[in-house]
Amino acid sequence: MRADIRGSVMPVLEIQLDPGESVITPHGELSWMTTNIAMSQTTSAVGGGIMNALKRVAGGASLFMTRYQATTGTGLVAFATKVPGHIIPVDIGPKRRVYVHRHGWLASIPGVTVSVALQQSVRSGLFGGEGFRLQCLEGEGRAWIELSGELTRYTLAPGETMLVHPDHVGMFDQSVKFKITTVPGIRNKLFGADGFFLIALTGPGEITLQSMPLPTLAHALIPYLGLDATLPTGPLRR
């Protein structure tokens with residue numbers, strides 16, 4: 001297997017597979033492939049059954065994943081980013097699992113499993129935004145993560161905490177503790193434009209933050225599309 005990340009602003013993950021090799025992605029990620037790549041649907045890459053599949057759905061992924069496998073000769077399959085950003089290769093192992101935002105997992109080899117990182121606070125999980133619906137990547141093998149906009153990495157010391165708007169959480173190590181917190185002060189709660197809920201990431205470990213999360217981009221484009229933001233399908237305005 002050989003993987004190349006091509007491009008800059010809108011990168012493409014291009015994977016060459018030898019006969020019998022395969023790669024797993026969320027449903028609907030394909031951009032292009034050669035004719036000797038066979039597609040099949042699966043609910044789990046390395047076991048775990050329906051329960052792991054349901055956990056993955058709770059984390060924001062599809063119930064089914066797609067397996068791309070080379071049949072005869074070397075095959076090629078490619079996955080493009082949805083918005084400007086970066087594709088990051090991450091090696092998962094017994095001593096390293098990572099948490100990513102709900103749309104972050106782009107592809108992985110069959111040895112990697114994807115499930116949800118459960119929250120203790122149901123109330124915060126409901127109202128805290130998409131950034132709290134995290135996916136956990138574990139097992140063994142390589143995964144590729146898609147993050148939006150520019151990336152900023154911090155290495156947190158033990159006990160050091162960064163408060164982050166949920167949509168800007170991209171990825172962080174398993175050693176980093178996370179919990180949902182609130183903005184103090186009644187004026188912040190009622191009128192704060194930055195939101196009521198934040199996520200507290202506490203070291204030790206590395207965190208990767210993204211500058212242009214998809215929900216923020218979509219919301220920012222509404223006035224320029226002439227759509228009524230108060231309605232799901234508002235009328236076009238001149």
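## Reading a predicted chain, feature by feature

Me: How many residues does the chain have, and what share of them count as buried?

Reply: Of the chain's 238 residues, 42% count as buried. Buried means under 20% relative accessible area, exposed means over 50%, and partly exposed is in between (1.4 Å probe, protein chains only). Before we go on, this is a predicted model, where local features need pLDDT of at least 70, side-chain atom pairs count only at pLDDT 80 or more, and totals for chains, interfaces and linings use all residues. Residues are numbered from 1 along each chain as its sequence is written, and side-chain values use heavy atoms, with hydrogens and water left out.

Me: What about helices and strands, how many are there?

Reply: Helices (H or I, at least four residues) and strands (E, at least two) are DSSP runs, numbered from the N terminus. Here you get 4 helices and 19 strands.

Me: What share of the contacts join residues 24 or more positions apart?

Reply: A contact means heavy atoms within 4.5 Å. Take the contacts in the chain with a separation of 6 or more: 78% of them come from residues 24 or more positions apart. A107 and I24 are 83 residues apart in sequence, yet 5.6 Å apart in space, C-alpha to C-alpha. Leaving out residues up to four places away in sequence, A107 touches L13, V23, I24, T25, F79, A143 and W144.

Me: Is A107 buried or exposed?

Reply: A107 counts as buried because its relative accessible area is 0%. Compare L63, in the loop between helix 1 (49–58) and strand 6 (65–70). L63 has a relative accessible area of 30%, so it counts as partly exposed.

Me: Which residues have the most contacts inside the largest nonpolar core?

Reply: The general idea is that in soluble globular proteins, nonpolar side chains tend to be buried together. A nonpolar core is a set of buried Ala, Val, Leu, Ile, Met, Phe, Trp, Tyr and Cys residues joined through side-chain atoms within 4.5 Å. The largest one here has 15 residues, and V90, I92, V98, L137, I145 and M171 have the most contacts inside it. At least two residues of this core come from each of strand 8 (85–92), strand 9 (98–100), strand 11 (112–117) and strand 13 (141–148). Zoom in on V90: not counting residues up to four places away in sequence, V90 touches R96, V98, G141, R142, A143, I145 and M171.

Me: And which aromatic residues form a cluster?

Reply: Rings of Phe, Tyr and Trp (its six-membered ring) pair if their centres lie within 6.5 Å; planes under 30 degrees apart count as stacked, over 60 as edge-to-face and the rest as tilted. The whole structure has 4 aromatic pairs, and ring pairs link Y99, F172 and F178 into a cluster.

Me: How many salt bridges are there?

Reply: Side chains of opposite charge can pair when their charged atoms come close. The cut-off for a salt bridge is a side-chain nitrogen of Lys or Arg within 4 Å of a carboxyl oxygen of Asp or Glu. This structure holds 7. In one of them, K82 meets E146 at 3.2 Å, N to O. Those partners are 64 residues apart, with K82 in the loop between strand 7 (75–80) and strand 8, and E146 in strand 13. E146 counts as buried because its relative accessibility is 5%, while K82 is partly exposed at 47%.

Me: Can you show me another one, say D91 with R142? Where do the two sit?

Reply: D91 and R142 meet at 2.8 Å, N to O. D91 sits in strand 8 and R142 in strand 13, 51 residues apart. D91 is partly exposed at 42% relative accessibility, and R142 is partly exposed at 33%. Salt bridges can also share partners, and that joins R2, D4, R6 and E14 into one network.

Me: Last one: which residues does the cis peptide bond join?

Reply: As a rule, most residues other than glycine have a negative phi, and most peptide bonds are trans. The cis bond here joins G203 and P204, with omega at about 20 degrees. You'll find P204 in the loop between strand 18 (197–202) and strand 19 (205–210).
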